[in-house]
Each structure stands twice: as C-alpha cells, then as structure tokens.
Amino acid sequence: MPSGYQRTWGATREARAARIKGALRYVSSTEVIVPSQRNATKTYSVTVDGDGRATGCNGPDREWRHAYCKHMRAVDMRL
C-alpha cells in the first residue's frame with residue numbers, strides 16, 4: 001500500500017474525530033459516550049485513564065483491529 005494512501009486515510013479519520021468531539025458526553029471520570037456519525041441512535045463508550053486520555057473503545061476499529069480509533073481521538077482532542 002502506498003504511503004500516500006495511509007496519510008490520506010489518517011487525515012480523514014482526524015477530520016471525523018474533529019467533527020464529533022463537540023458532542024461527547026462524560027458519564028464518569030473513566031467513561032465518555034461518543035455518538036455515531038452514521039446512526040443517530042448508536043453511541044460508543046470510550047474508557048479514559050486518570051489523565052483523561054482515551055485507553056479503549058467499544059467501536060469496531062478498536063475491537064477488531066486494536067487501532068487508535070476516531071472515537072478515542074475525539075476524546076483526546078478535548079484535552
């Protein structure tokens with residue numbers, strides 16, 4: 001896979017995270033609810049550490065690929 005493809009995909013994920021960061025809902029000191037962009041009734045649960053950094057997510061990118069997903073990035077962008 002060409003390196004340009006990877007950069008484009010990463011930039012797109014970054015832009016999506018930036019769009020959803022304003023809609024985050026903190027439910028506790030260790031959990032943040034992030035809304036889905038595609039389905040208005042779906043949400044994702046992002047776990048955070050003591051510093052407020054995202055450490056996990058129940059979204060498919062994190063669960064299946066163990067990747068740093070856009071939901072985690074949106075939480076980290078709020079810091």
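Visitor: How many disulfides does the count come to?
Guide: Please keep in mind that this is a predicted model, where local features need pLDDT of at least 70, side-chain atom pairs count only at pLDDT 80 or more, and totals for chains, interfaces and linings use all residues. Residues are numbered from 1 along each chain as its sequence is written, and side-chain values rest on heavy atoms, with hydrogens and water left out. For a disulfide, two cysteine sulfur atoms must lie within 2.5 Å of each other. By this rule the number of disulfides is zero.

Visitor: Which cysteine has the sulfur nearest to that of Cys-57?
Guide: Cys-57 is in no disulfide.

Visitor: Is Cys-69 buried or exposed?
Guide: The classes are buried (under 20% relative accessible area), exposed (over 50%) and partly exposed in between, with a 1.4 Å probe and protein chains only. Cys-57 has a relative accessible area of 9% and is buried. For Cys-69 the value is 1%, so this residue too counts as buried.

Visitor: In what order do the four strands of the open sheet stand?
Guide: Strands (E, at least two residues) and helices (H or I, at least four) are DSSP runs numbered from the N terminus, and two strands pair if DSSP finds at least two bridges between them. The pairing in this sheet is antiparallel, and the order is S1-S2-S3-S4.

Visitor: Which strands stand at the edges?
Guide: An edge strand has a single partner strand, so one of its sides is left without a neighbour in the sheet. This holds for residues 25-28 and for residues 54-57. The two edge strands are therefore S1 and S4.

Visitor: What is the average twist from one strand to the next?
Guide: Axes are lines fitted to C-alpha atoms, for helices over the stretch in contact, and angles run from 0 to 180 degrees between N-to-C directions. From one strand to the next, the twist averages 30°.

Visitor: Which residue is the bridge partner of Val-48?
Guide: Strand S3, residues 43-48, pairs with S4 in the antiparallel sense over three bridges. In S4, the partner of Val-48 is Ala-54.

Visitor: Which helix packs on the sheet?
Guide: Contact here means heavy atoms within 4.5 Å. The helix in question spans residues 70-77, touches S1, S2, S3 and S4, and makes about 150° with the direction of S4. Six of its eight residues are buried, so it is largely enclosed by the rest of the structure. This is helix H3.

Visitor: Which residues does His-71 touch, leaving aside those up to four places away in sequence?
Guide: His-71 sits in helix H3 and, at 6% relative accessibility, counts as buried. With that exclusion, the residues touched by His-71 are Ile-20, Val-34, Tyr-44, Val-46 and Cys-57.

Visitor: How far is Ala-17 from Ala-74 in space, C-alpha to C-alpha?
Guide: Ala-17 lies in helix H1 and is buried, with a relative accessible area of 0%. Not counting residues up to four places away in sequence, Ala-17 touches Lys-70, Arg-73, Ala-74 and Met-77. Ala-17 and Ala-74 are 57 residues apart in sequence, yet their C-alpha distance is 4.6 Å.

Visitor: What is the relative accessible area of Lys-70?
Guide: Lys-70 is in helix H3. Beyond four places in sequence, Lys-70 touches Arg-13, Arg-16, Ala-17, Ile-20 and Gln-37. Lys-70 counts as buried, with a relative accessible area of 19%.

Visitor: Which side chain meets that of Arg-65 in a salt bridge?
Guide: A salt bridge needs a side-chain nitrogen of Lys or Arg within 4 Å of a carboxyl oxygen of Asp or Glu, and by this rule the count comes to one. The N to O distance is 2.2 Å, and the partner is Asp-61.

Visitor: What is the phi of His-66?
Guide: Most residues other than glycine have a negative phi, and most peptide bonds are trans. His-66 lies in the loop between H2 and H3 and is exposed, with a relative accessible area of 63%. Although His-66 is not a glycine, its phi is positive, at about 55°.
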